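Reader: I would like to understand how the words used for a protein model follow from their definitions. Please take me through this one slowly.

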Amino acid sequence: MRRNRDNQPDGMLPFEETSSVFKHDPELFTQTIYGGALGNLRIASLLSDLLPWIDARPDLTTILDLGAGHAPMTLELLKQRPNLRAILVDPSAELLRSAEERQASLGIPAASVERIVDSVPGVFPKLMRTRIDLILCHAVVNWVDEPVSFLHDLVDFCEATGADVSLVFGSTIGKALRFVRNGSLTEALNSAQTVVPQVPSLLGDHQVRPLDPDYVAYILHKRACRLHLKAGVRVFADLAPPGCMDNEHDLAKLAALERATRRRRSYWRLGQLVHFVFSSQFGLQGEMSAQLSLFDSSQLSSPDALPAPVTPEESFEAATAIE
Ligand SMILES: C[S@@+](CC[C@H](N)C(=O)[O-])C[C@H]1O[C@@H](n2cnc3c(N)ncnc32)[C@H](O)[C@@H]1O
């Protein structure tokens, strides 16, 4: 097979360029991901996780949305809980402009939202003195060159600010199932065999890096983070025959199926996306648990402290051990 300069099969773009799809073709993203029933299901599922989390914390006022895009989730939260304010960060000025328009159309006051055109990790030092209670980082880690380093930077920032984190990432397992449904067996195998593969995304010929959910749980565990929630997003909907998406009764059943399964131990890993809510036990407000004595804390900030890369089997064993 011919390979291009990024050592990808011909026809696939080098990663740096594919990630810039959010700058040069923002509508491809908003329409493909949020233009239909799957987008609605994603919002509904994440809302059902986040609203109770927020409501249980009356002091929670400030959300930082990292890689916010056009910020559908954060703006929905602000619409439903007007006491919240948000900071949106994204390298795509175009998507942040869409967020601004959407905010106005939802009647959310201009003063409730700040927008920063920037990216992770460069933006972190600029936010160190800002109050942040909850960080949303949804479907961003799959679009960066070094997802594992990105996760470590995120945990460092979570430790420094004491904020909780709502992390959503595309999963290798969900991807593999979807590839099988589409007959792309080579891609399914690639997804299933690797903890951070590089595979075609839903956005044309752009690549994405799904992550093995157990590998992510394992990294967070090693960094002494406490995982509060594990849930799948779009557990079955992407596997349904296309006709179901145009039929109200089938859509209602798929939504019920999602609610019935997405937080259950036997199903959450199957989501196209996985949602983890975590906090650092080294965070400003966090308390060191007895668990920490298991680790040499001087090594916890260093990505090198992790044995890498692990296989899906090894990461599964490590993660199930802490379930
Ligand atoms: C798949 S979109 C997700 C957008 C939004 N979080 C959502 O869930 O709808 C990925 C977003 O990550 C942004 N992004 C890519 N690299 C980033 C980085 N290093 N730091 C922050 N955002 C980044 C892109 O511009 C894009 O808006």
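Author: We can begin with a place where two helices meet: Ala37, Leu41, Ala44 and Ser45 in helix 4 touch Leu251, Ala255 and Glu258 in helix 12. The model is predicted, and local features are given only at pLDDT of at least 70 and side-chain atom pairs only at pLDDT 80 or more, whereas totals for chains, interfaces and linings use all residues. Residue numbers start from 1 in each chain and follow the sequence as it is written.

Reader: What makes two residues count as meeting, and what makes a stretch of chain a helix?

Author: Two residues are in contact if their C-beta atoms, placed from the backbone, lie within 7 Å. Helices are DSSP runs of H or I with at least four residues, strands are runs of E with at least two, and both are numbered from the N terminus. On that basis the protein chain has 13 helices and nine strands.

Reader: Why is helix 4 called oblique to helix 5?

Author: Their axes are 11 Å apart and the packing angle is about 50 degrees, which makes helix 4 oblique to helix 5. Angles under 35 degrees are roughly parallel, over 145 roughly antiparallel, 65 to 115 roughly perpendicular, and the rest oblique. The axes themselves are lines fitted to C-alpha atoms, for helices over the stretch in contact, and the angle, from 0 to 180 degrees, is taken between N-to-C directions.

Reader: Which residues build the contact between helix 4 and helix 5?

Author: Helix 4 brings Ile43, Leu46, Leu47, Leu50, Leu51 and Ile54, while helix 5 brings Pro72, Met73, Glu76, Leu77 and Gln80. By class, these are nine nonpolar, one polar and one charged.

Reader: What makes helix 9 and helix 10 a case with another name?

Author: Helix 9 (residues 172–181) and helix 10 (residues 185–193) pack at about 165 degrees with axes 8 Å apart, and helix 9 is therefore roughly antiparallel to helix 10. Among the residues that meet here are Lys175 and Phe179 in helix 9 and Leu185 and Glu187 in helix 10. The contact has six nonpolar, two polar and two charged residues.

Reader: How do you know whether Leu88 is buried or exposed?

Author: A residue is buried if 20 or more other C-beta atoms lie within 10 Å of its own, exposed if 12 or fewer, and partly exposed in between. Leu88 has 26 such atoms, so Leu88 is buried. Leu88 lies in strand 2, and its contacts beyond four places in sequence include Asp65, Ala99 and Val113. Although Asp65 is 23 residues away along the chain, the C-alpha atoms of Leu88 and Asp65 are separated by 4.9 Å. In the whole chain of 323 residues, 41% count as buried.

Reader: How do you know which form the peptide bond from Val120 to Pro121 takes?

Author: Its omega is near 10 degrees, and the bond is cis. Most peptide bonds are trans. Pro121 belongs to the loop between strand 3 and helix 7.

Note on methods. Nonpolar A, V, L, I, M, F, W, Y, C, P; charged D, E, K, R; others polar.
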